[in-house]
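Work through the exercises below with the structure open. Try each task before you read its solution.

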Amino acid sequence: MTFASFLLQLGNGLSSASALFLVAAGLTLIFGVTRIVNFAHGSLYMLGAYLAYAAGAWLASAGLGGISFWLGVLAAALAVGVIGALIEVLLLKRLYAAPELLQLTATFAVVLIVRDATLAAFGAEDLLGPRAPGLAGTVTIAGHAIPEYDLFLIVVGPVVLVALTFLVTRTRFGVLIRAASENRALTAALGIDEAKLFTAVFALGAFLAGLAGALQLPREPANLGMDLATVADAFVVTVVGGLGSIPGAFLAAVIIGMTKAMCIALGSQEILGISIAFPKITLVAEFAVMAIVLAVRPHGLLGTPPGAPVTTPLPEQRELVPAPGRREALVAGLVLAALLALPAVGAEYTAVLVTDILVAALFAASLQFLLGSGGMTSFGHAAYFGVGAYAAALAFKAGAPMAVAFALAPVGAFVAALLFGWFCVRLAGVYLAMLTLAFAQIVWSIVFQWDAVTGGSNGLVGIWPPEILAERKHFYLFTLAVVTLGLALLARIARSPFGFALRGVRDSPLRAGALGIDVRATQWRGFVIAGTFAGLAGGVYAFSKGSLSPEVLAIPRSVDALVMVLLGGLNALFGPLVGAAAFTWLADVLPRLTEYWRALLGALIVALVLVFPGGIGGLVARLTRRAA
Amino acid sequence: MSVLRFAALAFALAVLPAGAQTIKLGELNSYKVFPSFLEPYKNGMTLALDEINAAGGVLGRKLEIVIRDDNGTPGDAVRVAEELLSREKVTMLMGTFASNVGLAVADLARQRKVPFLASEPLTDKIVWDNGNKYTYRLRASTFMQTAMLVPEAAKLGKKRWVIIYPNYEYGQSATAAFKKQLNAMQSGGLEFIEIAVPLGKIDPGPVVQAALDAKPDAIFSSLFGPDLARFVREGQLRGLFKDRVVFNLLGGEPEYLDPLKDEAPVGWYVTGYPWDSIATPEHKKFKDAYMARFNDYPRLGSVVGYSAVVAAAAAIRKAGSTDPEKIVAALSGLSFTSPFGPVTFRPIDHQSTMGAYVGRTAVKDGKGTMVDWKYADGKDYQPEDSVVRSMRPPER
Amino acid sequence: MSGALPTAGVLDVRHLAKAFGGIRAVDDVTFAVGAGELVALIGPNGAGKSTCFNLVNGQLAPDSGEVRFEGKRIDGLAAHAVARRGVGRTFQVAATFASMTVRENVALALLAHARRSGNPVALASAVPRAATSVILERVGCAPLAEAHCATLAYGDAKRVELALAIAADPRLLLMDEPTAGMAPRSRAELMQVARDLAVQSRIAVLFTEHDMDVVFGFADRVIVLDHGRIIAQGTPDAVRADPLVQAVYLGETA
């Protein structure tokens, strides 16, 4: 690599950074003011690209020529802004009083709906937009052809940064944004119409996402994978920069863009006798950067730690958890009896489906323990599920009998949770959640790349239980036994002195510390327990499917578990079971009803979230209490 | 419902005892994850199904396809496969797209002792390292398609290659197969510079720049989909392809070539499907029927979906029964006619001989297409039988 | 009760200093609190009493100087380590476990004191009711035992917090603005409870307080800070009479 090409790669990194910044800026703005973790941000980005394609094509057909592309970009960004406002007004606005994480579930539902709506409206084929008129060519620098559009993007990022900074620091709207970001109580005290402010900010954030998507069109065809490919990156940039910090997001985008460009530029290098293929690292570069940054700066590069330590728990955690009484024991007994009777009365497939539900329930319960009792949000809980599954599968493939291999599932997850938990419990809130995600992605990439051991992207096959459990209904009973035991143990731990200490730490770390409870050690142990039970679920999963691939520890599995927990109710005793049953059953049934089952699933989740903000399990609990 | 309709329905139900008469194929695929390939695939299946049933079905019974979405994950695929088997009582399984899903379902087929026709997954492992008695694969594998391009590459005698590939099994296998085969055909002095990119997330600027910096004589890429489109556009802008030979596996498939429109690369060596210029009677018949039925031209997915159903029907017909073991036995050495011509499932490794078209890309009437193509019959691009035997586990 | 300074107390603070960006928030502060004694730390806003208090309880690490509890250094220790040595505390904004009942709160405090709060096997509900009731009675909260903390009136939450602080049998109790946000009558009640505890159980109590009626009504000694330095300490009467104190502090509020 010559010095000139090194500089050119820096330039490439910068133009990628600009694109990243544009999409992350809206996200950080929205989070800063509304505290909404907007999973649908990638979907808004994707909509921007599709709408810019459609608007540009329509305007061009109307004879507007070269300007049609640029007008299309603007129109698309504005339209996405309006869509964002609609999402906020029609959906999120109704959820501000609800548990914070429920909004996340709602935005997840929006992702499903937008994906299918886009497919219905624009079709399955990728849509390559025109090159940007006026910037379609290249400039020759030092003998290298540089696309003009890349140079344009390098400029756009800083321009948007300056514009947003001006907006935030110099305008009345900006004062309100800052007031709302820094002190929510203050906003109310100042007599600011919070409702309008939130709508405006959400619309602005959506506008930026739409703009980012639209501006991407000359570089990437509009396609249905853009949403998920983007949203994780946008979150990483936002968190690395410090939540709510727009300059931070810019800095983070530059660091990540540069890191990736340099990884590709370095190629394969011999270092200390070991050959390292740097381009392969791009698979996980942003997550590695995030893990390092968060380990050193728990609030991101330019983020500020939250003002006063929180002494009162968040509203969703104030939900009272009644001790399981006779009524709950009765319900549990009835459910167990019904499940035991299932193989005798149900069809074979019912056993298969309920096996999946039970595994999901145990996985969700372990997350509920972390989230509900521990107050620690995880976006990467699948890591422990997956590590457990892989530990069992690898031992089994190495010749261990199933009993031994299966026992290694929780052990493997325990070790992983012990290691990662130590880092994670040093953080709080969304930062903690994102660090769990970073570790999960790092584990995922190792499993994905380590062909010789894990089978790489293909994974492992042939993990079938021995003869006695091979029969579906027999395996179902085995699953029922393990899951019942797991759920009972988790419920028991939640009522133990340790469970109380964990909840105490969540309610008030100050008070817990003042009583002599080691806050971090308690959280760490809670994290490890949650991870271990997730691994147990992973072990059952491996033998129930007969095969494994890195998808078991990928982001969607973590998100699914989160949705199950929230659908079931964060603090409802039977929440994980109810949430897992509802989610898995719907995902099984809906695809048989309609081609657009994802949208239907999304719509149902929206309905559930709006009608039962305490989760379905919470509703059940309320009904039984009322009946009592 | 009108009385008349009700009567008709009642009659139909009386004559055809519900489902008992139909033979069901259980098709599972990642429809929502890879829609650009699988929507045409679904159309292809529909066309084949209609033709077969119009001609009287199979074994005197109507053929039915029960379609399930596997969500692109092996876990869900295994669940819906179980559902197809135990609830829908399908005669055989077919479908799947991604390699990991294909392998998972193949292993389930072995466990449950049911025939599985893997229509689309390209991984070599599904017939070799992880091959099993119950699994057959329709499409030309990564190895075969690479082997179709290598002779062209060897002829050119280029020494310094940049290899760009999506960083997962397909790209890795293609890269390994290309290097190995080219080394075998072209003696010495070969240099390979590899650039792996995350699937669906290529950063085209740095990748093209790194490729330029490597100053290669030629390029071998296994990119497809949005990654390919981004690579093509960026590479053209920066002059990467100027005076340079480029090979791109799958690059001539309409699914990936058509979105590029008039920016489709010119002169690249690709495998693909020149639907507009294949004049064999089998293909003409297929194409005409397809266009009449769907008012759209066929994509490669259409051919694969169509052929998979035709193959499945042929296997059941040959078995003369819906007994799984008999169908599995029938699949071995089964020959049928696909839109690409005659195809046989090799008894040695259960790979079909369905080939691919090898040619060069061109732009015609503002659209990408393939020229100077020839049909590479899959039977000619296989390793030695002894090699195949050594890779495949003992029959199980 | 004498006005003389105890030479060695339960709590000994020596030459404590802490600066924030060049501003000396606490500057060479030395004082002690003996067993059974209630000492008030007062001063105008910005005098450094919060910083001083946080240095003593371990929330902040001092730049120099030391904090000793029963002769051993506690500065720089984590909050839970300080607590385990026998230091209880209450917070300016009452910190209780909102998702639990009052009794569960106390049970957890007892479990933590017995070093059993890490046990994942036993049941938390196994803590004898009598044990929790005794403590609740001491602060007058027995009737609230089964109420959830999230639903308590603020004054009650403050009393529950005091119950939690004393459940661990502390030998030093630190109270940060114990009566802030309470009605005047409840203030006196709460302070009376604290005072009785101090006397009966020989607990050393250090508290900060804004309300001068509370300070002069309940403190045995008063320490006055201004600009980070101690400008006076002694009996309430002596401090009240101190002209310097009157000039910088009492004069403003009186």
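**Exercise 1.** In this predicted model, decide why Glu104(C) and Arg495(A) count as a salt bridge.

*Solution.* 
Step 1. Find the closest N and O atoms of Glu104(C) and Arg495(A): they are 4.0 Å apart.
Step 2. Apply the cut-off: a side-chain nitrogen of Lys or Arg must lie within 4 Å of a carboxyl oxygen of Asp or Glu. The pair Glu104(C) and Arg495(A) therefore counts as a salt bridge.
Step 3. Count across the interface of chain C and chain A: the rule finds two salt bridges.

**Exercise 2.** Describe the interface of chain C and chain A.

*Solution.* 
Step 1. Count residues: 34 from chain C touch 29 from chain A.
Step 2. Take the area: about 2,800 Å² is buried between the two chains, and carbon and sulfur atoms give 65% of it.
Step 3. Look at the elements on the chain C side: helix 3 of chain C gives the most, with five residues.
Step 4. Sort that side by class: 20 residues are nonpolar, nine polar and five charged.

**Exercise 3.** Now describe how domain 2 of chain A meets domain 3 of chain A.

*Solution.* 
Step 1. Locate the domains: domain 2 spans 230-304 and domain 3 spans 326-627.
Step 2. Count residues: 18 of domain 2 are in contact with 14 of domain 3.
Step 3. Take the area: about 1,400 Å² is buried, with 82% from carbon and sulfur atoms.
Step 4. Check for pairs: there are zero salt bridges and two residue pairs in polar contact.
Step 5. Name the element of chain A that gives the most to the domain 2 side: helix 12, with five residues.

Methods
Residues are numbered from 1 along each chain as its sequence is written. Chains are lettered from A and ligands numbered from 1 in the order in which they are written. This is a predicted model: local features need pLDDT of at least 70, side-chain atom pairs count only at pLDDT 80 or more; totals for chains, interfaces and linings use all residues. Side-chain values use heavy atoms; hydrogens and water are left out. Domain bounds come from an automatic or database domain assignment. Contact means heavy atoms within 4.5 Å. Buried area is the accessible area (1.4 Å probe) that two parts lose on being put together, summed over both. A polar contact is a pair of N or O atoms within 3.5 Å; within protein, one must be able to donate a hydrogen and the other to accept it, and residues adjacent in sequence count only if both atoms are side-chain atoms. Helices (H or I, at least four residues) and strands (E, at least two) are DSSP runs, numbered from the N terminus. Ala, Val, Leu, Ile, Met, Phe, Trp, Tyr, Cys and Pro count as nonpolar, Asp, Glu, Lys and Arg as charged, and the others, Gly among them, as polar.
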